[in-house]
Amino acid sequence: MVRSIVLALGLVLVAHSASAQMGSLTVVTSFSKDVTDPIRRAFEKSAPGVTLEVQNRNTNAGVKYLEETRANNQVDLFWASAPDAFEVLKAKKLLALYKPKARGIAEKVGSYPVNDKDGFYSGFAASGYGIMWNDRYVKAKKLPTPKEWQDLAQAPYYDHVSISAPSRSGTTHLTIETILQGEGWDKGWRIIKEISGNLHQVTDRSFGVPEAVNSGQVGYGIVIDFFAFSSQGSGFPVKFVYPSVTTLVPANVGIVANAPNRMFAEAFIEFLLSPAGQELLLTPTIRRLPVRPATYEKAPPDYPNPFKDKNLQGLLTFNAELSEKRSEAVDVLFDQLITFQLAPLKAVTKTLHDVEAALAKKDNAQARALAKEARDLVAAMPVTDAQAAAPELRAAFTGGKQKSARQAELEQQWAAFAKEKYAAAQAKADEALKLVR
Amino acid sequence: MTGTMSKAVAIDIRGVNLSYGATPVLKNVDLSIQPGEFFAFLGPSGCGKTTLLRLIAGFAQAQTGQVLLDGQDVAALPPWKRDVGMVFQSYALWPHMTVAKNVAFGLEERRLPRREIERRVRDALDLVGLSAFADRRPAQLSGGQQQRVAVARTIAIEPKVLLLDEPLSNLDAKMRVSVRRELRTLQRRLGLTTIFVTHDQEEANTICDRMAVMESGIIRQVGTPMELYERPGNLFVAGFLGSANILDGRVAGDVFEVAGGARLPLPEHVKVPLGAKLVFRPQHARLADSGMLRGPIVHREFLGSTVRYGVRLGGAEVLIDAPFQSGDDLRAAGDLVCVALPPERALYLAA
Amino acid sequence: MSDRAAPAPSVRFADTFPSRAPRGGRIPVSGQAVLALAIALFLLVFLVVPVATVAYVAFTEKGTGAPTLVNFLDFARTDLFVRSFWNSLYVSAMTVVWASVLALPLAYLTTRFEFRGAALVQTLGFLPLIMPPFVGAVAMQLLFGRNGTVNLLLEEWFDFKIGLMEGLNGVIFLQAIHYFPFILVNLSAALRNIDRAMEEAAQNLGSHGFRLFRRIALPLAMPGYVAGASLVFVKVFDDVASPLLLNVKEMLAPQAYLRITSIGIDDPMGYVISVVLIVLAVVTMWGSAQVLKGKDYATAQRGGGGLARRRLTRGQSVMAYGVVLLVLALVLAPHLGLVLLSLATVWSFSPLPDDYTLAHYARVLGDSSIYIKNTLLYAGLAAAIDVAIGGAIAYLVLRTRLPGRQMLDWMAGAALAVPGVVLGIGYLRAFYGVTLPGGVPLATLWIMIVLAIAIRRLPYALRAAYAALQQISIALEEAAENLGATKARTVRRVVIPLMTGGLLAGFVTSFATAAVELSAVLMLVQNNSDAPLSYGLYVLMQTPAGRGAGAALGVVAVIIVAVCMGLSQLAADRSQRARGLDI
């Protein structure tokens with residue numbers, strides 16, 4: 001038996017290694033099979049003899065993988081949505097310089113430059129953030145349809161909303177960062193916490209949110225647009241809206257430093273940006289916004305066009321540098337103040353909704369004041385805008401030398417802060433509710 | 001299996017001490033077993049008899065002492081190099097092999113030619129009368145048949161000695177009598193030095209040439225069954241083999257004073273060891289009307305050829321067997337009687 | 001014959017140990033030692049070193065890398081971790097309780113009574129263990145979620161809902177269904193080996209019904225039960241997938257997973273938690289071994305009979321089938337949901353799918369056959385490795401006195417608690433720098449996936465091997481040695497044939513669970529053509545259009561694994577019967 005196993009093993013090893021042929025290209029991507037498969041097929045057709053090997057990893061795992069394997073890199077391309085992941089890779093010198101030769105590509109999409117200013121990665125499609133909802137769910141429960149982020153903070157949405165943790169999802173991180181940049185640090189967090197009070201769950205995968213909305217487990221989800229578009233493309237009864245505070249961010253592709261097949265990698269980027277490559281983005285299961293304005297002529301009638309549509313003009317200019325500086329802080333704040341304190345946050349939010357409903361029937365100045373105090377307590381932040389972006393704080397997360405505290409200590413401090421504030425807010429809110437009952 | 005086998009070997013056990021952790025199991029055991037002898041280890045459970053057997057087979061290791069087979073120390077040999085055939089109490093027949101395969105096993109391990117193996121398997125099964133069952137599985141045999149397979153499997157390898165670990169304990173009473181006769185006959189034919197472990201004195205008496213009576217890891221006495229019965233060396237052997245009456249007492253000059261006051265004269269040549277007690281067999285005393293040992297009959301059992309009376313003497317109770325012939329008057333419970341014991345029948349034994 | 005016993009010089013072994021069972025090891029001590037060393041080396045290279053390359057971070061200061069224990073202090077001082085720890089403990093304990101409730105009637109009825117379809121029940125009862133990741137979760141949500149089939153119907157008819165899938169209770173519900181087969185399998189095996197006379201004696205003395213079960217059958221089967229229950233406890237404690245799919249993050253294993261995968265590979269806290277998990281698993285296993293000490297009720301296999309089953313009266317039959325069907329309906333519901341999902345066009349906020357189609361199967365069979373092929377190859381190889389190593393460790397531990405043999409057992413057992421991500425990252429760290437001639441990194445070979453899966457599933461095969469070996473009366477081995485077979489020959493001719501059934505059970509468990517292994521695999525898959533099924537599922541389940549296809553692939557996976565299980569079971573039964581063993 002042992003002999004036959006060894007024999008079988010040997011045979012299989014040989015068979016597998018024989019499959020490497022004239023040219024192959026390895027890409028690490030966070031994009032799903034629905035996106036990569038049509039593009040891979042078209043690319044392989046356009047470059048006969050070249051095989052595209054797709055390694056599917058989520059953005060964070062992909063970055064980590066490149067870090068862990070840099071000593072003996074076998075990957076040619078990194079291909080993902082979140083620009084900040086590319087910023088991280090760039091900072092760690094894991095990307096190679098390449099300026100695409102393709103013409104007819106827009107300089108900016110929304111107000112975001114399509115390509116990295118230093119030339120380490122290139123945008124090939126744009127995506128925006130927004131709200132998707134399950135139409136059947138909303139109709140069955142007679143719920144409203146949202147237009148702006150703040151809408152999700154209203155009472156009817158209580159326990160119907162889902163989001164993925166920004167620490168787990170590059171796209172959610174950008175959504176949160178967009179709100180913070182659009183509304184300012186304090187107001188931004190206030191809105192985020194008010195929305196979070198209505199959350200049913202915080203998922204740990206980006207796709208967990210559209211999945212829950214598609215199945216009707218929750219009504220609304222905060223997602224990147226293509227999740228909603230491709231769900232519609234697959235027949236799910238879902239809708240999507242871009243709030244006015246959003247940003248269009250390019251999805252990118254970059255050549256990995258020391259790529260073993262640099263030539264093919266360049267060919268792949270050029271293919272993505274070619275008219276044929278851009279057109280592929282319109283496929284129902286992909287539904288990304290092309291960065292070549294001419295391609296929109298071939299798009300279906302209701303397809304969003306960032307170069308023409310009014311609501312997608314003059315959007316916020318996303319500050320990638322600021323985002324990069326405080327990215328760990330924002331993630332950890334969200335986790336410690338919201339994800340792991342969801343129960344008390346939801347409880348106080350519910351009470352405040354009740355107070356609001358009672359006040360609408362019969363006003364009471366004292367209760368109103370208490371409710372405001374409670375809201376302020378909920379909105380309180382343990383760190384300021386400046387502190388969050390300060391290098392000392394960052395050092396706690398990255399293990400730098402001048403750190404103010406260890407990450408675990410900071411986390412415990414922030415968690416304790418949130419717990420205390422939410423408890424105090426709950427007391428005020430309860431008091432207010434007593435007054436109006 | 002023609003009987004012209006290698007000559008029978010002697011087994012010598014010298015100064016063996018064996019303990020499991022802090023628990024001593026064999027204490028200073030010395031024993032010589034003659035070539036071709038049918039020897040029994042007899043004793044109550046826990047006396048160490050099976051451990052002694054396993055020591056010979058190589059399944060237990062002594063801390064000190066030697067085991068000599070045919071004059072050679074085998075302590076360093078693993079079980080599979082000892083050529084010591086053992087029949088296990090549970091028979092340990094392999095359920096995944098046929099009877100023939102079981103019997104062939106040891107021969108195959110010895111890498112004998114196939115023809116030779118087949119012949120010897122056939123011979124061994126013939127010898128135990130199971131040729132017709134060669135292709136059966138052990139599970140398809142009766143207990144007695146399984147036992148015979150176990151024996152056949154062991155003797156097929158023509159071992160130097162044969163060890164039998166309570167081989168009859170899993171058989172019913174009738175089977176036991178016939179199987180032990182078969183074993184005895186077989187042993188005679190093969191002329192194998194054989195050790196038989198049992199806790200049943202009748203089995204030991206009927207089957208063996210000599211035996212060792214063991215208690216708590218110590219060999220208390222070695223001898224032929226008759227010697228041990230007639231002349232037990234100590235109270236344990238006397239009590240373990242057959243029925244014995246034991247009375248406390250002490251030596252006072254030329255008499256033995258039994259607890260309770262009765263005095264028995266000591267024959268001149270008798271030396272009474274220190275702390276000895278008076279021991280006699282029920283059939284060696286008789287009931288009399290007068291005598292030193294006096295007491296009431298407390299019970300009576302009719303056994304056919306004899307009548308067994310229980311008589312209370314002081315604090316102890318003794319048994320007396322009286323031969324019965326039709327017409328005899330029987331004594332009744334409550335009758336006051338005297339026990340007459342010929343002095344030469346009295347044994348004075350220490351513990 | 002007498003000419004062959006020339007005594008060979010040999011190593012003499014100090015001989016002071018009490019027990020009779022673990023003896024021997026005199027002549028072939030070198031052979032055993034070589035085997036033990038080889039296994040130790042294997043475990044060292046593929047388990048200890050990779051884990052150590054990652055876990056040492058727990059003992060260093062972030063950034064400077066200076067050795068410190070402050071991280072463990074931080075663990076104890078962080079409310080979240082402490083809360084997670086207690087939550088995990090609670091969930092694990094309650095899961096054991098509920099899994100026992102599900103497993104007891106199935107095990108008892110199918111082993112101690114004449115129960116038609118007992119084999120089918122046993123097979124179906126194993127299926128919950130083979131739940132493909134991700135799709136399984138979606139199917140469960142669609143059935144039991146807050147707007148799943150059950151709740152939508154309840155709301156429509158009775159205007160209330162039950163939070164089956166909410167919070168810690170949801171985790172307990174899911175885990176009890178998922179892991180109850182461990183208790184079922186172990187308990188059934190133990191119950192099957194109880195001599196009928198044990199029950200008859202009790203009946204003769206006036207015991208019957210539930211008291212008979214509680215006072216005789218259950219205590220006798222306790223070793224099997226404790227083995228299963230401790231496995232469930234540890235698995236639930238270390239499981240990442242089920243809590244996360246319910247979005248329960250305040251448990252220890254999910255905390256470790258989340259930290260390692262999101263905060264970063266240099267953050268010590270994730271590894272601190274991993275160390276805590278490993279320690280807890282080892283302690284649990286050690287504790288269950290202590291409980292079982294001296295309770296080895298193995299009976300020597302001798303003759304037939306003694307294992308006859310009792311009859312059920314008509315009324316009892318009706319009740320028994322009722323209970324069994326109810327339990328099966330509950331534990332197989334996820335698979336039913338999976339089948340529905342694989343056939344659904346759109347299933348959203350409705351009790352049943354809108355419409356049905358076979359298109360998903362067409363798509364999956366078209367482009368996922370490579371995943372299926374890889375899965376069979378990987379899981380098969382991994383399970384074979386597990387059985388070989390598990391059997392060897394069991395033999396070394398139970399039948400020899402090699403010093404340090406217990407270490408092998410602990411090492412292999414600790415594998416149970418190593419989070420898959422930790423192992424995956426460890427493999428990358430330990431083996432990526434090692435290159436084969438030609439510059440290919442060792443870590444990129446698909447055989448590394450096999451080894452990682454084998455390590456993760458080794459504890460299952462090990463347990464099965466222990467159980468199998470304990471069932472073999474040592475006299476059967478002594479008889480072989482007595483007749484001239486060396487230790488090695490005895491193993492080959494007596495031990496292995498008699499262990500076949502048990503080893504096969506270990507193979508099946510390892511194989512079936514390896515086939516749906518995900519966490520370590522995700523880290524190690526290098527390219528699509530080397531990817532196993534679970535990776536294919538992961539990829540499909542990241543897109544709306546992939547949901548049905550993912551479910552179809554999941555169904556295919558379950559069917560393939562179940563067919564393989566059934567075939568090996570059949571082969572085992574046949575060979576056991578041919579060998580005249582009771583089954």
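This note goes through a predicted model of a complex, point by point.

1. **Overall confidence.** Start with the scores for the whole complex. The predictor gives an ipTM of 0.78 and a pTM of 0.76. Keep in mind throughout that the model is predicted.

2. **Which chains touch.** Two pairs of chains are in contact, and chains A and C share the most contacts. Chain A and chain B have no contact with each other. Their closest C-alpha atoms lie 20 Å apart.

3. **Confidence in chain A.** Chain A has a mean pLDDT of 86. Of its residues, 93% reach 70 or more. Among the elements of this chain, helix α7 (residues 185–196) has the highest mean pLDDT, 95. Helix α1 (residues 2–17) has the lowest, 42. The pLDDT is below 50 over residues 1–21 of chain A. That stretch has 13 contacts in the model beyond near neighbours in sequence. Where pLDDT is low, the predicted coordinates should not be read in detail.

4. **Confidence in chain C.** Chain C averages a pLDDT of 81, and 87% of the residues score at least 70. Among its elements, helix α3 (residues 79–112) of chain C scores highest, with a mean of 92. Helix α8 (residues 196–204) of chain C scores lowest, with a mean of 68. Two stretches call for care. Over residues 1–28 of chain C the pLDDT is below 50, and this stretch has 66 contacts beyond near neighbours in sequence. Over residues 298–307 of chain C the pLDDT is also below 50, with 25 such contacts.

5. **Domains of chain A.** The contact between them takes 17 residues from domain 1 of chain A and 16 residues from domain 2 of chain A.

6. **Domains of chain B.** Chain B is divided into domain 1 (11–239) and domain 2 (243–349). Here the centres, taken over C-alpha atoms, are separated by 40 Å. Eight residues of domain 1 of chain B are in contact with eight residues of domain 2 of chain B.

7. **Helices α14 and α18 of chain A.** How do helix α14 (residues 342–361) and helix α18 (residues 407–436) of chain A pack? Their axes are 9 Å apart, at an angle of about 25°. Angles under 35 degrees count as roughly parallel, so α14(A) is roughly parallel to α18(A). The crossing is left-handed. Residues of α14(A) in the contact include Leu345(A), Val348(A), Leu352(A) and Val355(A). From α18(A) come, among them, Tyr422(A), Ala425(A), Ala429(A) and Leu433(A). By class, the contact has 14 nonpolar, two polar and two charged residues.

8. **Helices α13 and α18 of chain A.** Helix α13 (residues 327–337) of chain A also meets α18(A). The axes come within 9 Å and cross at roughly 45°. These two helices are therefore oblique to each other. The crossing is right-handed. On the α13(A) side, the contact uses Ala329(A), Val332(A), Leu333(A), Gln336(A) and Leu337(A). On the α18(A) side, the residues include Glu411(A), Trp414(A) and Tyr422(A). By class, the contact has eight nonpolar residues, two polar and one charged. Look at Tyr422(A): this residue takes part in the contact with α14(A) and in the contact with α13(A).

Note on methods
Residues are numbered from 1 along each chain as its sequence is written. Chains are lettered from A and ligands numbered from 1 in the order in which they are written. This is a predicted model: local features need pLDDT of at least 70, side-chain atom pairs count only at pLDDT 80 or more; totals for chains, interfaces and linings use all residues. Side-chain values use heavy atoms; hydrogens and water are left out. Axes are lines fitted to C-alpha atoms, for helices over the stretch in contact, and angles run from 0 to 180 degrees between N-to-C directions. Helices (H or I, at least four residues) and strands (E, at least two) are DSSP runs, numbered from the N terminus. Angles under 35 degrees count as roughly parallel, over 145 as roughly antiparallel, 65 to 115 as roughly perpendicular and the rest as oblique. A crossing is left-handed if the near helix is turned anticlockwise from the far one by less than a right angle, and right-handed if clockwise. Contact means heavy atoms within 4.5 Å. Ala, Val, Leu, Ile, Met, Phe, Trp, Tyr, Cys and Pro count as nonpolar, Asp, Glu, Lys and Arg as charged, and the others, Gly among them, as polar. pLDDT is the predictor's confidence in each residue, from 0 to 100. Domain bounds come from an automatic or database domain assignment.
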